[in-house]
Amino acid sequence: MSHIAFGIDIGGSGIKGAPVDLRKGKFAADRVRIPTPEVSTPDAIGAVLAELVGSFKLPKRSPLGVAFPAPIDHGVVRSIANLDKSWAGVDLAALTREATGHPTVVLNDADAAGLAEQRYGAARGRHRVVLLVTLGTGIGSALLVDGALAPNTELGHLQIDGADAELRAADSAREREGLDMAAWAGRLQRYFETVEALLSPEVIVVGGGISKKHAEFLPLLNLRAKIVPAKLRNAAGIVGAAAATAIREAG
Ligand code: BGC
């Protein structure tokens with residue numbers, strides 16, 4: 001098998017893809033980014049996937065991994081928080097195969113980031129329970145136990161103090177409400193201590209775009225777990241999606 005696989009990360013603002021060298025966990029060519037259509041329906045995103053993949057000269061039948069911001073059961077989107085509501089129940093694996101002609105594996109975006117950090121980044125090594133949390137438009141979570149991923153944990157939607165956790169503690173909440181870092185860190189403290197009480201992770205890896213400013217908020221948190229910034233940053237979704245093709249056969 002080739003050590004190159006193509007990874008795609010579908011997000012609320014951009015759809016990004018690149019071939020990934022799975023031996024290194026690095027892009028094998030420059031990433032291409034296409035803005036997410038304002039009306040982010042399956043048809044509209046399918047057209048972007050065709051354009052994105054078509055802009056690379058991929059060998060026929062080479063596998064694609066797709067990271068998507070929703071829980072995914074056997075390629076199907078279970079429910080959707082931050083893209084067009086018509087995604088619920090759509091078979092994204094079949095849609096991608098039809099749009100691009102390539103065999104496809106689909107997984108949750110945070111699960112993809114978790115795989116990438118475990119293989120190539122901040123979650124490497126021997127830990128019993130590792131939790132990766134992405135802070136962005138929503139909150140994504142990936143739970144790794146003895147190196148195995150328990151998919152679709154969806155810990156961004158925990159109900160905490162009567163509210164969906166991501167509405168209070170995601171990076172989008174910080175922006176929307178104009179919170180300073182100290183105020184936002186207070187929200188994160190409440191979030192992480194709740195998650196910690198449930199799962200007792202040894203290590204919490206924090207990803208998402210804001211993780212590049214980790215020095216401004218991670219030191220404000222007081223937790224039992226070791227809490228560290230993600231290493232792959234924005235590449236984690238693409239790299240993890242590509243890595244997933246080597247774990248699960250792309251059909
Ligand atoms: C979704 C998750 C996703 C997270 C980050 C949440 O709203 O329910 O599936 O991982 O956002 O994109």
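In this predicted model, helix α1 (residues 42-54) and helix α2 (residues 92-100) approach each other with their axes within 8 Å and a crossing angle of roughly 50 degrees. That angle makes α1 oblique to α2, and the crossing of α1 past α2 is right-handed. On the α1 side, the contact is made by Pro42, Gly46, Leu49, Ala50 and Val53, which meet Leu95, Thr96, Ala99 and Thr100 of α2. Sorted by class, the residues of this contact comprise six nonpolar and three polar ones, with no charged residues.

The axes of α3 (109-120) and α7 (236-247) come within 7 Å and cross at roughly 85 degrees. An angle from 65 to 115 degrees counts as roughly perpendicular, and α3 and α7 are therefore placed in that class. From α3, the residues Ala112, Ala113, Leu115, Ala116, Glu117, Arg119 and Tyr120 take part; their partners in α7 are Ala236, Gly237, Val239, Gly240, Ala241, Ala243, Ala244 and Ile247. This contact of α3 with α7 holds 11 nonpolar, two polar and two charged residues.

Both α3 and α7 turn up again around the largest pocket, where each supplies at least two residues of the lining. Strands β1 (4-10), β2 (14-21), β9 (129-135) and β10 (139-145), together with helix α5 (171-177), likewise each contribute at least two lining residues. By class, the lining of the largest pocket divides into 15 nonpolar, 22 polar and 12 charged residues.

How values were computed: Residues numbered from 1 in each chain as written. Predicted model: local features only at pLDDT ≥ 70, side-chain atom pairs only at ≥ 80, totals over all residues. Heavy atoms only, no water. Axes fitted to C-alpha atoms, helices over the stretch in contact; angles between N-to-C directions. Helix = DSSP H or I, 4+ residues; strand = E, 2+ residues; numbered from the N terminus. Parallel < 35°, antiparallel > 145°, perpendicular 65-115°, else oblique. Left-handed = near helix turned anticlockwise from the far one by under 90°. Contact = heavy atoms within 4.5 Å. Nonpolar A, V, L, I, M, F, W, Y, C, P; charged D, E, K, R; others polar.
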